[in-house]
Amino acid sequence: MTTQGDCPSLLVVVSELDPLHASETDKEGPVLSLCLSNLLVFINTYLMFNHENRLAFIATTPSECSFLYPLNVNKPDSSGSTEDDLMPGKCGQYELFEDINSTITRGLKAVARRMNSGVTTRPLLAGALAKSLCYIHKHTTDKDNRLLPRILVMKSSPDSPSQYMPTMNCIFAAQKNSIPIDACLIDSDSGFLQQACDLTGGTYIRLPETKALLQYLLWVFLPDHSSRQMLTLPPLGHVDYRAACFCHRKLVEIGYVCSVCLSIFCQFNPICSTCNTRFPVPGLAGSKAKRKKTTQ
Ligand SMILES: [Zn+2]
Ligand SMILES: [Zn+2]
């Protein structure tokens with residue numbers, strides 16, 4: 001078994017609730033009904049590993065992303081949340097687990113109830129990553145700077161190309177700040193999170209079956225990143241490096257790149273819509289300004 005030694009962690013769990021997936025089963029969705037109990041066992045084990053370990057939990061849907069734990073982060077939240085502002089305070093370890101479990105369960109149920117089943121967009125991954133990074137920044141820059149931050153994203157829906165730019169910006173911010181992003185995919189693969197794990201040194205797992213969730217959580221995601229180097233973990237394998245074009249938010253393998261601002265387009269544009277640079281139309285003049293870029 002691995003040890004986390006003297007370095008406590010700050011883990012931000014991002015869990016998404018997708019009504020497009022949820023409607024296939026029950027109202028509260030597969031994440032709640034199948035995975036929540038496993039996730040809570042993982043969270044309790046993580047907190048038992050080192051009594052200084054800290055946790056934050058964010059739930060994201062197509063219309064909101066909010067902190068379910070700790071609750072005092074949500075103070076300015078005006079989305080009509082009905083949870084009490086319950087903080088564990090200075091209670092014993094077991095009471096703390098009970099508090100965390102009931103707070104997260106209650107919060108997820110409230111979020112699921114607020115979810116509009118008519119939406120066709122995907123959960124706000126970029127928003128949740130941005131909130132995680134802000135929370136980590138706030139809690140690791142001053143006195144608690146011994147905390148080793150990391151983010152674990154639990155995702156079940158396919159990527160939304162419209163979130164490509166903000167998501168990549170968050171991934172680059174995490175990479176610059178040495179914050180590993182781990183990803184546990186429950187249903188479909190995610191190219192965004194493959195890139196996130198690849199760039200930040202996190203671990204990417206797509207579950208072979210949902211029943212195996214707890215096993216993967218405890219085996220792969222419980223140890224911190226220094227301990228993982230001593231473990232034999234599943235390799236990342238193929239990474240989907242496709243980028244979304246700035247014109248249609250469509251994932252492209254080969255596209256046109258503006259040589260001034262590096263915006264990506266799926267078709268030739270004589271004027272870059274981002275920086276307004278004019279390019280000679282190919283065939284009329286030398287096509288020096290136009291470059292074809294392969295994104296692997
Ligand atoms: Zn396009
Ligand atoms: Zn440009």
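The model is a predicted one.

Start with H5 itself. The helix covers residues 164–176, 13 residues in total. From its first C-alpha to its last it reaches 18 Å, close to the 18 Å expected at 1.5 Å a residue. Its buried residues are Tyr164, Thr167, Met168, Cys170, Ile171 and Ala174. They lie on the same side of H5, because they cover an arc of only 155 degrees around the axis. The repeat of the α-helix is the background here: with 3.6 residues a turn, residues three or four places apart point the same way. On the other side of H5, Asn169 and Lys176 are exposed. Just after the helix, serine 178 takes a positive phi of about 50 degrees.

Now turn to the metal sites. Which residues coordinate the zinc ion (ligand 1)? They are Cys245 (SG), Cys247 (SG), His248 (ND1) and Cys266 (SG), at 2.0 to 2.3 Å. Along the sequence these donor residues are spaced C-x1-C-H-x17-C. The angles among the four donor atoms run from 93 to 130 degrees, and the site is tetrahedral. For four tetrahedral donors, the ideal angle at a metal is 109.5 degrees. Two of the cysteines at this zinc ion (ligand 1) can be set side by side. Cysteine 245 has a relative accessible area of 0%, so it is buried. Cysteine 247 has 33% relative accessibility, so it counts as partly exposed.

The zinc ion (ligand 2) has its own set of protein donors: Cys258 (SG), Cys261 (SG), Cys272 (SG) and Cys275 (SG). They lie 2.2 to 2.3 Å from the ion. This site is tetrahedral too, with angles of 107 to 113 degrees among its four donor atoms. The donors follow the spacing C-x2-C-x10-C-x2-C along the chain. Cysteine 261 and cysteine 275 link distant parts of the chain, 14 residues apart. Cysteine 261 sits in the loop between strand S9 (254–257) and strand S10 (264–265). Cysteine 275 sits in the loop between S10 and strand S11 (291–294). How accessible is cysteine 261? Its relative accessible area is 29%, so cysteine 261 is partly exposed. Cysteine 275, at 29% relative accessibility, also counts as partly exposed.

How values were computed:
Residues are numbered from 1 along each chain as its sequence is written. Chains are lettered from A and ligands numbered from 1 in the order in which they are written. This is a predicted model: local features need pLDDT of at least 70, side-chain atom pairs count only at pLDDT 80 or more; totals for chains, interfaces and linings use all residues. Side-chain values use heavy atoms; hydrogens and water are left out. Helices (H or I, at least four residues) and strands (E, at least two) are DSSP runs, numbered from the N terminus. The expected span of a helix is 1.5 Å times one less than its number of residues. Buried means under 20% relative accessible area, exposed over 50%, partly exposed in between (1.4 Å probe, protein chains only). The arc is that of the directions from the helix axis to the C-beta atoms. Donors are N, O and S atoms within 2.8 Å of the metal (3.2 Å for Na, K and Ca); water is not among the atoms, so sites may look incomplete. Four donors count as tetrahedral if all angles lie between 85 and 135 degrees; four count as square planar and six as octahedral if opposite donors are over 155 degrees apart and all others between 65 and 115; anything else is irregular.
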